[in-house]
Amino acid sequence: MTQGWAIREDHDRADAQRHGELLTAARAAFEELGYGATTIAEITRRAGVSRATFYVYFASKEQVFAVLAEQVRDRFLRAQDLSGIDRDAVDEVLRRTIATTLEATVENLALMTVLNHQAVADDEMRRLWSEIQGEAVHRTATYVSQQARAGRVQPVADPEALGTMGAGMNDRYAPLVVAGATTVDEAVEEMHRIWMACLGH
């Protein structure tokens, strides 16, 4: 019985590793070639597996792209996780979430560019892309509204508009970080100053 479990665990680990390798290969192909030019053949070539192996894990190119898009969405949700931090310490919350969401944008900038392009023609991608963009803005707006009701901040504009502004700053600074024109720390400091001014601090 013990040997059987060990064999199963080895198989599961191998499965997870192969699944991850295919996702890594697919992501690299999509980022380098774009969605349209990426083929299953290109993904399997990069992963070093057969086409048949690809179909063990994914039904189509569309499915593997959707999984990658969901990973981006989940990364942004984790970036706004406030576990282990006093939610009412506005300065600390802002500094941390500005940094984590900027880092998430930098990490995923190339794939997000492909997602943005694909969302123009693909209804499912448009829905997912809208979810990725909208959820972060909504969470920020909700937090600003809560802190305004508690009297801790005096926002100079509608919280939803401020959330949109924050997302826009991420989108603007991330390419500069990738290009080496600024650093994450420098961008975070600048965005933090802007945010604090917009919240009446």
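Modeller: Counting cavities of 30 Å³ or more, we get 1. Bear in mind that this is a predicted model. The largest cavity has a volume of about 30 Å³. Its lining is made up of R73, F76, L77, E131, I132, E135 and A136. If you want to know which elements give two or more residues to that lining, they are α4 and α6, the latter covering residues 123-149. The biggest share comes from α6, with 4 residues. Sorted by class, the lining has 4 nonpolar and 3 charged residues, and no polar ones.

Since α4 has come up, let's follow that helix to the aromatic rings. There are 5 aromatic pairs in the structure. Take F30 and F65: their ring centres are 4.8 Å apart and the planes stand at 70 degrees, so this pair is edge-to-face, given that anything over 60 degrees gets that label. What does the pair link? It joins distant parts of the chain, with F30 in helix α1 (residues 2-33) and F65 in helix α4 (residues 61-79), 35 residues apart. F30 and F65 are both buried.

Now compare a pair with another geometry. The rings of F54 and F58 have centres 5.7 Å apart and planes at 40 degrees, so we call the pair tilted. Are these two buried or exposed? F54 has 0% relative accessibility, so it counts as buried, and F58, at 2%, counts as buried too; the cut-off for that word is under 20%.

I85 lies in the loop between α4 and α5, and α5 covers residues 90-118. Although it is in a loop, I85 is buried, because its relative accessible area is 11% and buried means under 20%. What does I85 touch, leaving aside residues up to four places away in sequence? The answer is E92, V93 and R96. As for R96, its C-alpha is 9.3 Å from that of I85, and the two residues are 11 apart in sequence.

Key
Residues numbered from 1 in each chain as written. Predicted model: local features only at pLDDT ≥ 70, side-chain atom pairs only at ≥ 80, totals over all residues. Heavy atoms only, no water. Phe/Tyr/Trp six-rings, centres within 6.5 Å; stacked < 30°, edge-to-face > 60°. Buried < 20%, exposed > 50% of the residue type's maximum accessible area, 1.4 Å probe, protein only. 1 Å grid on protein atoms, 1.4 Å probe; cavity = no way out; pocket = protein on both sides within 12 Å on 5 of 7 lines; lining within 4 Å. Points joined across faces, edges and corners; volume = space filled by probe spheres on them. Nonpolar A, V, L, I, M, F, W, Y, C, P; charged D, E, K, R; others polar. Contact = heavy atoms within 4.5 Å.
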